[in-house]
Amino acid sequence: MTTEFVFATAQYDSGDWDSAPLLPANIIDTIARYTEINVAPTGVIAPLSDARMLRYPFLYLTGHLPVRFSDAERRNVRRFVERGGLLFIDDHNHDIDGVFHKTATEEIARTVAPLTELPNDHALYSSFFKFDGPPTTSHELNGWGDNLVHKHLLAVQRRGRIAVLFSSKDYSSEWNYHPDSKRFLSVDNTRFAVNLVVYALTA
Amino acid sequence: MRSLRRRLELGCRIGAFALLGWLIGTSIFRAPRRAVERASDRELLARLPSWTRTPSSVALHGTLDAAPTPVVLAWLSALRHAGHGVTWSGSPPAAVVVAEPVTAPGGGVRVNVAAPANSRVTVGDVAGTIDSAHVAGLGASFTLPLTVDSLIVRVNQQRQAVARPNDVPPRAVLVVGDAGWEAKFVAGALEERGWKVVTRFAVAPNVDVRAGEQPAIDTAHFAAIVAIDSTVAALGPAVQRFVEQGGGLVLAGASAGARSVSPLAAGAVGARVRRNVAANDTIGLGSTGFYPVTSVREDAVALERRASAVAIAARRVCAGRVLQVGYDDSWRWRMAGASGSEAAHRDWWSRVVSSVAFTPALPANEEKTFDAPVAALFGHLGPPRPAPVASSGNVDPRIPLAIILLLLLVEWTSRRLRGLR
């Protein structure tokens with residue numbers, strides 16, 4: 001029996017970190033549905049200002065509001081990345097001119113390194129299911145937010161692995177529903193989350 | 001019946017003639033004069049040229065607090081074969097030095113020194129001293145990442161030198177396990193330390209995530225296999241063949257319980273020890289618990305204990321080595337440990353793999369990587385003996401002549417007192 005994978009949502013002081021409360025349960029359901037990964041049945045909340053956030057090597061961070069890390073948050077995020085953790089940041093606004101996008105990308109540049117485009121043939125897109133790039137979301141196609149379909153995710157890579165992954169695609173809205181509602185979907189739109197978790201656990 | 005006086009006169013006469021005969025004999029057949037040359041181990045090298053010029057009748061003796069260098073020993077051995085009586089006494093430390101290559105990407109040398117208890121051992125190279133140790137038991141072991149030219153070991157006053165062994169060409173490490181943090185961070189630590197890592201992580205039924213070229217499991221391609229959990233059973237009998245060929249096997253956590261590898265393990269897998277870790281405790285290796293090695297086999301060695309339980313045990317199987325490591329969540333140490341824990345985790349796992357990694361037979365180094373000078377001393381000059389006693393040869397002839405005169409005077413006086421001429 002291996003150590004459980006615990007889905008952890010990052011809590012930060014400056015914004016609405018809990019804007020997608022149903023997402024963790026949905027992703028946990030997806031992981032359990034498609035894989036044999038030993039996943040904890042419930043997620044946890046990991047405050048970035050507390051060093052115990054280092055006990056969760058995969059962190060999900062989202063929000064609509066400006067992101068400004070405190071010194072403690074910045075120090076912990078830096079250590080988290082240096083030690084091999086993967087921070088997945090998703091812009092809940094789906095708006096590259098929005099405050100979340102601007103402030104979060106600045107904060108990551110200041111804390112870790114500038115984000116760069118992740119090529120669409122990266123191992124992330126074939127770690128479990130095969131994708132030609134980041135899957136689109138219904139919010140992108142509806143023209144909500146910046147009215148753009150983002151062709152790439154952004155990332156900071158360290159020693160050949162993704163350390164910080166930044167999405168402007170608003171997966172937080174796309175995946176923020178009760179797992180039971182999946183049965184109404186012709187194609188499960190959370191499959192990319194499996195790739196994310198498998199990549200984090202194996203790369 | 002002769003009187004007592006006449007017997008005395010006869011005795012004096014016979015004694016005087018006997019002494020005269022002995023003097024004549026020793027003047028014709030001179031007894032060899034025996035001289036002894038002595039030197040301490042520090043003086044030996046300087047004295048050897050003059051010793052070589054001395055007649056072979058001169059006994060040569062070394063008083064040794066340290067075994068002589070190979071040059072001195074060879075010279076003494078040559079003198080012995082040339083007819084000199086060469087002996088030695090003293091108690092040089094019976095030390096043996098062996099240098100072997102470290103099977104790891106960074107290379108390096110492991111120097112094992114067997115020396116008497118309480119010896120002081122220093123290890124260095126031509127550039128200077130690198131490390132030292134006080135021997136508490138049987139010896140000391142040093143791992144030197146970088147050395148210049150030959151290695152110099154001093155055991156107390158005794159200097160020994162061995163050649164740097166040839167480096168071992170690195171081979172890959174196969175990490176097998178379920179997709180999880182332990183497997184990921186073990187593979188990551190080894191990769192960061194320079195090992196070529198091939199991974200097979202089970203994600204779903206019949207779905208593995210594999211990284212790196214996946215060649216056949218043999219010692220031509222792999223130095224070691226690291227089994228994180230029981231998924232190693234999927235490799236079947238290939239693991240046993242690999243170990244028998246000389247490959248290394250690390251059975252981490254509960255993986256030793258897998259049916260296909262349990263015959264290779266150092267022991268059985270006990271119930272996991274779970275420790276109470278407070279929320280603010282600093283996490284270290286094993287601080288969250290481990291799987292103890294129980295029923296340790298007779299041919300296995302317990303290497304690390306935690307409280308009363310064995311945490312790590314090792315065993316040799318044919319040409320290969322198997323290490324059973326009870327720790328199953330070392331990733332917590334790396335991620336949430338104290339400052340520097342990431343590097344410590346990396347180094348620890350590299351050492352674990354290095355300790356079992358397959359070491360190919362390499363062409364012999366031209367210079368020796370093994371030195372046992374006291375054994376060589378015994379081999380060349382035999383066991384220690386007391387220094388021979390010097391002798392000056394013939395007795396001073398004036399002494400027997402004086403005795404002869406005295407005897408003749410006594411005999412003549414006695415005869416005159418009896419009235420004879």
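**Exercise 1. Which residues of α2(B) and α3(B) meet?** Describe the geometry and the composition of this helix pair in the predicted model.

Solution. 
- Step 1, the elements. Helix α2 of chain B covers residues 44–53, and helix α3 of chain B covers residues 70–81.
- Step 2, the residues. From α2(B), the residues B:Leu44, B:Leu45, B:Leu48, B:Trp51 and B:Thr52 take part, and they meet B:Val72, B:Trp75 and B:Leu79 of α3(B).
- Step 3, the classes. This contact comprises seven nonpolar residues, one polar residue and no charged residues.
- Step 4, the geometry. The axes are 10 Å apart and the packing angle is about 25 degrees. Angles under 35 degrees count as roughly parallel, and α2(B) and α3(B) are therefore roughly parallel to each other.
- Step 5, the handedness. α2(B) and α3(B) form a left-handed crossing.

**Exercise 2. At what angle do α3(B) and α8(B) pack, and how far apart are their axes?** Identify the residues that meet, and give their classes.

Solution. 
- Step 1, the geometry. Helix α8 of chain B, residues 373–381, packs with α3(B) at an angle of about 10 degrees, and the two axes lie 10 Å apart. This angle makes α3(B) roughly parallel to α8(B).
- Step 2, the residues. On the side of α3(B) stand B:Leu73, B:Leu76, B:Ser77 and B:Arg80; they meet B:Ala376, B:Leu377, B:His380 and B:Leu381 in α8(B).
- Step 3, the classes. The contact of α3(B) with α8(B) has five nonpolar, two polar and one charged residues.

**Exercise 3. Are α4(B) and α7(B) roughly parallel or roughly perpendicular to each other?** Derive the answer from the angle, then list the contact.

Solution. 
- Step 1, the geometry. α4(B) packs with helix α7 of chain B, residues 341–356, at an angle of about 85 degrees, and the axes are 8 Å apart.
- Step 2, the class of angle. The range 65 to 115 degrees counts as roughly perpendicular; α4(B) and α7(B) are therefore roughly perpendicular to each other.
- Step 3, the residues. B:Val186, B:Ala189, B:Leu190 and B:Glu192 of α4(B) meet B:His345, B:Arg346, B:Trp349, B:Ser350 and B:Val353 of α7(B).
- Step 4, the classes. Five nonpolar, two polar and two charged residues form this contact.

**Exercise 4. How many residues of chain B are in contact with chain A, and which element of chain B gives the most?**

Solution. 
- Step 1, the count. The contact involves 24 residues of chain B and 22 residues of chain A.
- Step 2, the elements. On chain B, two or more residues each come from β11 (172–178), α4 (181–192), β12 (197–204) and α6 (330–336).
- Step 3, the main contributor. α4(B) gives the most to this side, with six residues.
- Step 4, the classes. The side of chain B that touches chain A has twelve nonpolar, three polar and nine charged residues.

**Exercise 5. Into which domains is chain B divided, and how far apart do the C-alpha centres of domain 2 and domain 3 of chain B lie?**

Solution. 
- Step 1, the division. The domain assignment of chain B gives domain 1 (4–30 + 394–417), domain 2 (36–93 + 374–381), domain 3 (96–167 + 365–371) and domain 4 (172–356).
- Step 2, the distance. Between the C-alpha centres of domain 2 and domain 3 of chain B there are 26 Å.
- Step 3, the contact. Domain 2 of chain B gives five residues and domain 3 of chain B gives seven residues.
- Step 4, the classes. On the side of domain 2 of chain B that touches domain 3 of chain B, four residues are nonpolar, none is polar and one is charged.

Definitions and conventions
Residues are numbered from 1 along each chain as its sequence is written. Chains are lettered from A and ligands numbered from 1 in the order in which they are written. This is a predicted model: local features need pLDDT of at least 70, side-chain atom pairs count only at pLDDT 80 or more; totals for chains, interfaces and linings use all residues. Two residues are in contact if their C-beta atoms, placed from the backbone, lie within 7 Å. Helices (H or I, at least four residues) and strands (E, at least two) are DSSP runs, numbered from the N terminus. Ala, Val, Leu, Ile, Met, Phe, Trp, Tyr, Cys and Pro count as nonpolar, Asp, Glu, Lys and Arg as charged, and the others, Gly among them, as polar. Domain bounds come from an automatic or database domain assignment. Axes are lines fitted to C-alpha atoms, for helices over the stretch in contact, and angles run from 0 to 180 degrees between N-to-C directions. Angles under 35 degrees count as roughly parallel, over 145 as roughly antiparallel, 65 to 115 as roughly perpendicular and the rest as oblique. A crossing is left-handed if the near helix is turned anticlockwise from the far one by less than a right angle, and right-handed if clockwise.
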